[in-house]
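Here is a short note for someone opening this entry for the first time. Please have the structure on screen as you read.

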Amino acid sequence: MTNVLDIYEERGFLEQVTEKTLVRKLLDNPTACYIGFDPTAKSLHVGSLLPIMSLVHLQRMGHRPIIVIGGGTGMVGDPSGKTELRRVMTRDEIEENVSALKKQLERFLDFDNDKAIIINNADWLTKLNYIDFLRNFGRHFSVNRMLTAESYRARMKTGLSFIEFNYMLLQAYDFWYLFKHHNCRLQMGGNDQWGNILAGEDLIRRLERETVHGITFPLLTTSTGIKMGKTHKGAVWLDPDLTSPYDYYQYWINQDDSDIGRFLALFTLLPMKEVNTLGGLEGAAIREAKKILAYEATKLCHGENEAQDARLAAKKLFGDSKSFDSESIPTFSINKQEFDVGTPAFILFEKSGLCKSRSEARRLISQGGGYVQDQKILSFDQIINTKNLEDSSHLLLRAGKKRYMKIEIS
RNA sequence: GGAGAGGUUCCCGAGUGGUUAAAGGGAGCAGACUGUAAAUCUGCCGGCAAAGCCUUCGGAGGUUCAAAUCCUCCCCUCUCCA
């Protein structure tokens, strides 16, 4: 049987490992492994996909993923990767997010019979007593050591508050808690978590004289060096209400050529043979690989049907024979009366959500980036009404080359 | 607690009484070129039915015909000292 570690290695998941031979040995047998997720938003986004995929592989190989939602640590704020003090969230906000995230993860992992579990660290962290905590756990942390951690060193210039400084202790405590209660001997996370993971490993060694392990993943940036998952609309969410499966599919298909091979390995479950073949494509042929990446990634997140719809919509909108009727193109409804009267183009663009403001819509159209039924709109205040429909039953607006919006008349 | 520096539009960062919706860079958007890619070039990049008007430079007041810029108080951050 293959060891997950080999899968990770082959697919490019590994950045740092505490000790490879020992981790491999550990993973020869079913193991509980934890990853923490921040409840700072009500949905996970593409940036969290890498850890999620790592758990998918883990579970497929017979191990047990433990997802820790940082409801407790979220109240403190992880300084890693942040240049500024994080906003402190209220308990209610966090609670709400915790349940939303749980739902999303269920798409990727099987939680039946506790094959994977989700827990909120607020359950144990909020019960801690300060003095007891200091005496029993705080004594094992050397401030001198902590200050050498990259995450803290980076903050020495810009400032670091005491509440954030404690984050590392809490995450270490998490690891210890999971070790005690769930026999968890492995923690994974983004490379910015390395220091926190080591702190936990260290704590468990001191308290329990046991060796546990950690793995970190590379922090993904696109080839252009930008953090993944941002578009002009903001983050790319896994929640279909925040980012439609159509947009999700489009996000993947628009990735840089040079990222495709790497992303296929990380974000799909295709066999590596296939990944390597697709990743080796060059020139325009890469588009085929992108289609597969987009389809597979959408399928994992939203299911097969949604992925097919998104693919079909893309084919219709971007293929040779353009057609404008597809189910999964983002749609905006307008009532018939209002439509018959007519609306200036820039207002329609703003209303439908294609543009964030009317000014933006004006600019777009003035610069020649606004289309109705594939016809360029010549002036921003051109009236759009029934006449533009021609034979069609609905209207298709386009912003730039790639963003579409279907207008339905109801 | 003391001394100093600072908080500017998504981010970085200029600006120290009118010519400032605020330089420059990054990100983003559009056009050209393409392959729904990258690179490159060009334009845009607070809002508004818009050659005008309105709102922005940590917050609240004040001086002035005129304030991001000057004064007062407050809040926050950093550096050094305790």
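This is a predicted model: local features need pLDDT of at least 70, side-chain atom pairs count only at pLDDT 80 or more; totals for chains, interfaces and linings use all residues.

The points below cover the nonpolar cores and then the RNA surface.

1. Main core. The largest nonpolar core holds 68 residues. Those with the most contacts inside it include I52, I67, M188 and I215. Y248, W252 and F267 also belong to that group. Domain 1 (4–217) and domain 2 (244–318) both contribute residues, so this core lies between them.

2. Second core. A separate core has 32 residues. Among them are I66, V68, I119 and W124.

3. RNA neighbours. There are 37 residues around RNA strand B. Q250, N254, D257, S359 and R363 come nearest. By class, this surface has 14 polar, 12 charged and 11 nonpolar residues.

4. What the protein meets on the RNA. Take the atoms of RNA strand B within 4 Å of the protein: 57% belong to sugar or phosphate. The rest belong to bases.

5. An N or O atom in the side chain of Q250 is 2.7 Å from a base oxygen of RNA strand B.

6. Elements at the RNA. Those giving two or more residues to the surface near RNA strand B include α9 (155–158), α13 (245–253) and α16 (286–302). Also on that list are α17 (304–318), α19 (345–351) and α20 (358–366). Which element gives the largest share? It is α20, with five residues.

Note on methods: Residues are numbered from 1 along each chain as its sequence is written. Chains are lettered from A and ligands numbered from 1 in the order in which they are written. Side-chain values use heavy atoms; hydrogens and water are left out. A nonpolar core is a set of buried Ala, Val, Leu, Ile, Met, Phe, Trp, Tyr and Cys residues joined through side-chain atoms within 4.5 Å. Buried means under 20% relative accessible area, exposed over 50%, partly exposed in between (1.4 Å probe, protein chains only). Domain bounds come from an automatic or database domain assignment. A residue is near a molecule or strand if one of its heavy atoms lies within 4 Å of it. A polar contact is a pair of N or O atoms within 3.5 Å; within protein, one must be able to donate a hydrogen and the other to accept it, and residues adjacent in sequence count only if both atoms are side-chain atoms. Helices (H or I, at least four residues) and strands (E, at least two) are DSSP runs, numbered from the N terminus. Ala, Val, Leu, Ile, Met, Phe, Trp, Tyr, Cys and Pro count as nonpolar, Asp, Glu, Lys and Arg as charged, and the others, Gly among them, as polar.
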